[in-house]
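Subject: Structure handover and findings

Hello,

Here is the structure I promised to pass on.

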Amino acid sequence: MRKYFMDYFFLCILLFTVGQVLVWFQLNGQFINEWFKNNTLILSLLGVPISYIYIYATKYGVKSFDGLLWPQRFLGFSIGIIIFALMSHYVMNETLNTKTMLSLGLSFLIILVQILM
């Protein structure tokens, strides 16, 4: 396996996951709670700390893949799809239809390709 893969990979995954959950609430909280709907300026300012999370997720992702940008980009994208589907299902009670389940499967497949190849 790559030299720093295990040292940074799980930290990258964790940070992308935290970032995606925070962004999900930042963007979709308006459909859950009036506070989110009425405080868009505060929510937009939360974009600064969320950006730091993504910067560090990218940093650790690139380190885990020996300086390559594409693998961590695919990881971030795939984690975003997975988190969005799960959050929409559990928080907003949206169903996981065939199209969504297929997209989730492809997201997991993208992650496996990046890890195993």
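The structure holds one salt bridge (a side-chain nitrogen of Lys or Arg within 4 Å of a carboxyl oxygen of Asp or Glu). The partners are E34 and K37, and their closest N and O atoms are 3.5 Å apart. Both residues sit in helix 2 (residues 34-38), three residues apart, so about one helical turn separates them. Helices here are DSSP runs of H or I with at least four residues, numbered from the N terminus. E34 is partly exposed at 47% relative accessibility. K37 is partly exposed too, with a relative accessible area of 44%. For these labels, buried means under 20% relative accessible area, exposed means over 50%, and partly exposed lies in between (1.4 Å probe, protein chains only).

Two notes on the source. This is a predicted model, in which local features need pLDDT of at least 70 and side-chain atom pairs count only at pLDDT 80 or more, while totals for chains, interfaces and linings use all residues. Residues are numbered from 1 along each chain as its sequence is written, and side-chain values use heavy atoms, with hydrogens and water left out.

I32 lies in the loop between helix 1 and helix 2. I32 is partly exposed, at 42% relative accessible area. Leaving out residues up to four places away in sequence, I32 touches W24, F25, V91 and M92 (contact means heavy atoms within 4.5 Å). I32 and M92 are 60 residues apart in sequence, yet their C-alpha atoms are 7.9 Å apart in space.

Now the aromatics. A search of the whole structure finds eight aromatic pairs. Rings of Phe, Tyr and Trp (its six-membered ring) pair if their centres lie within 6.5 Å; planes under 30 degrees apart count as stacked, over 60 as edge-to-face and the rest as tilted. One of the pairs is Y8 with Y60, stacked at 5.6 Å centre to centre with 10° between the planes. Y8 is in helix 1 (residues 5-28) and Y60 in helix 4 (residues 47-64), so this pair ties together parts that are 52 residues apart in sequence. Y60 counts as buried, at 18% relative accessibility. F9 and F10 make an edge-to-face pair, because their planes stand at 75° with the ring centres 5.4 Å apart. F9 is buried, with a relative accessible area of 5%. Y8, Y56 and Y60 form one aromatic cluster.

Helix 1 also holds Q20. Q20 is buried, at 19% relative accessible area. Beyond its neighbours within four places in sequence, Q20 is in contact with Y54, G76, I79, G80 and I83.

On to helix 5. Helix 5 has 23 residues and reaches 32 Å from its first C-alpha to its last, close to the 33 Å expected at 1.5 Å a residue. The expected span is 1.5 Å times one less than the number of residues. Its buried residues include P71, L75, G76, S78, I82 and M87. After helix 5 comes N93, with a positive phi near 60°.

Which residues does S78 touch, not counting residues up to four places away in sequence? They are S107, I110 and I111. S78 lies in helix 5 (residues 70-92) and counts as buried, at 0% relative accessibility. Its side chain reaches the backbone oxygen of S107 at 3.5 Å. That is a polar contact: a pair of N or O atoms within 3.5 Å, where within protein one must be able to donate a hydrogen and the other to accept it, and residues adjacent in sequence count only if both atoms are side-chain atoms.

Last, helix 6 (residues 98-116). Helix 6 has 19 residues and reaches 27 Å from its first C-alpha to its last, close to the 27 Å expected. L104, S107, I111 and Q114 are buried in helix 6. Down the helix axis these buried residues fall within an arc of 85°, so they line one face. The arc is that of the directions from the axis to the C-beta atoms. What covers them includes helix 5. The face turned away from the buried side carries the exposed residues T98, K99, L102 and L116. N97 caps the N-terminal end of helix 6, with a side-chain oxygen 3.3 Å from the backbone nitrogen of K99.

Best wishes

Methods:
Helices (H or I, at least four residues) and strands (E, at least two) are DSSP runs, numbered from the N terminus.
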